[in-house]
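Here is my note on the model you sent.

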Amino acid sequence: MGMAKYDRLLYILNLLRTRRSLNAGRLARECGVTERTVYRDIVALSEANIPIYYDRGYKYASDNFLPPLNFNIDEYLTLITALESSPLYKGGPGYNLIKSIKGKIEACLPPAVKEKKKYSRPKTRIDIKSTQSVNFSDKFYAAVERGIENHQVLELTYNSIQSGIITRPVEPYFLIFIEKAFYFVAFCQLRKALRTFRIDRILKISVTDEHFHPRPDINPAEYFAGSWGVFSGDPVEIEAVFSGKAARIVGMSRHHPGEKVSRFDNDRIKYQVTVRGIEEICRWLLGYGGEVRVIKPDILKNEIKRRAKAILQTYK
């Protein structure tokens, strides 16, 4: 099924702006319509004073031509709020790109929206917290992007929480902002396994001349499925009982996509979830102190006991 006419006209405009020598047959295949429909679309665009001409394919008469964006004031404010709320804009690596995008949007707004925006401000503000270190380097981010794009091995010197400072070759797959910081997932040739690396813990990085063949079926959705945060591991079934204020807090909000909450009475709830690894959920449960009791698994109960004893020893 072809796209709607309005969407198709905008799509044809973008195709003509970014490509050269597109004939009616190619445009028809791109849009999923007949050549006859494309001819009618070209006429419609020409009648709208968009300068299109034919020279071994349809082209713009001017590379500088850019039609006004058909935003109303609410759409414009929503888009600007989304752009300015992005971690890429706040964290640094995408700041200049987003600033450029904002400039192009401003330049193409209809006159009426330009006038209204002088007196309008976004009604909603989104504040995405970031724990990114001041040592964050755009150069490191760019090197990771290059390795992902070209399938090149990275030589990485990394300050790991568990292993300390280690230099290792890694095969990068994707970047992600998760749990308040930028991470990238790569296959570590040293450990022979996928690992998650936080960008601001990189001490040194270089893109090598060695290329790798990407492993299939590695994507963010599957890699982090079931994780409490960024840690991974074997799936673990968790069951805990919250009471008092903790029960009210946990019962009124959502903490994991796969959680199940059931109420015993007004003061207690049962919380069930399956996560990958216990490290992150252990920290979360400890934050509720004596108002949570882990029912299972034993490995989590024993870990909480060990940490609780260490806390008591510290304050003894």
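1. Glu171 counts as buried, at 7% relative accessibility; buried means under 20% relative accessible area, exposed over 50%, and partly exposed in between, with a 1.4 Å probe and protein chains only. Glu171 forms a salt bridge with Arg215, and the closest N and O atoms are 3.4 Å apart. A salt bridge here is a side-chain nitrogen of Lys or Arg within 4 Å of a carboxyl oxygen of Asp or Glu. Arg215 lies in the loop between strand S7 (202-211) and helix H9 (220-223), and Glu171 in strand S4, so the pair ties together parts that are 44 residues apart in sequence. Arg215 is partly exposed, with a relative accessible area of 36%.

2. On sources: this is a predicted model, in which local features need pLDDT of at least 70 and side-chain atom pairs count only at pLDDT 80 or more, while totals for chains, interfaces and linings use all residues. Residues are numbered from 1 along each chain as its sequence is written, and side-chain values use heavy atoms, with hydrogens and water left out. Helices (H or I, at least four residues) and strands (E, at least two) are DSSP runs, numbered from the N terminus.

3. The whole structure has 14 salt bridges. One of them joins Lys301 to Asp298, with the closest N and O atoms 3.3 Å apart; both residues lie in helix H12, 3 residues apart, about one turn of the helix. Lys301 is partly exposed at 27% relative accessibility, and Asp298 is exposed at 52%. A network of salt bridges links Glu279, Arg283, Glu303, Arg306 and Arg307.

4. An open sheet of 4 strands runs in the order S9-S10-S8-S11 with antiparallel pairing; two strands pair if DSSP finds at least two bridges between them. Strands S9 (260-263) and S11 (292-296) are at the edges, each pairing on one side only. S8 (residues 235-243) and S11 pair over 4 bridges, and Phe242 has Val292 as its bridge partner in S11. Helix H12 (residues 298-314) packs on the sheet and touches S8 and S11, where contact means heavy atoms within 4.5 Å.

5. Glu239 is buried yet has no salt bridge, and the nearest side chain of opposite charge, Lys296, is 4.3 Å away; Lys and Arg count as positive and Asp and Glu as negative, with His and the chain ends not counted. The peptide bond from Lys296 to Pro297 is cis, with omega near 5°, and Pro297 sits in the loop between S11 and H12.

6. The largest nonpolar core has 22 residues, and those with the most contacts inside it are Phe242, Ile281, Trp284, Leu285 and Leu300. Such a core is a set of buried Ala, Val, Leu, Ile, Met, Phe, Trp, Tyr and Cys residues joined through side-chain atoms within 4.5 Å. S8, H10, S10, helix H11 (279-286), S11 and H12 each supply at least two residues of this core. Apart from it lies another core, of 17 residues, among them Ile148, Leu156, Phe182 and Phe184.

7. Lys180 is not a glycine, yet has a positive phi of about 75°; Lys180 is partly exposed, with a relative accessible area of 45%. Lys192 likewise has a positive phi, of about 60°, and is exposed at 61%.

Technical notes. Axes are lines fitted to C-alpha atoms, for helices over the stretch in contact, and angles run from 0 to 180 degrees between N-to-C directions.
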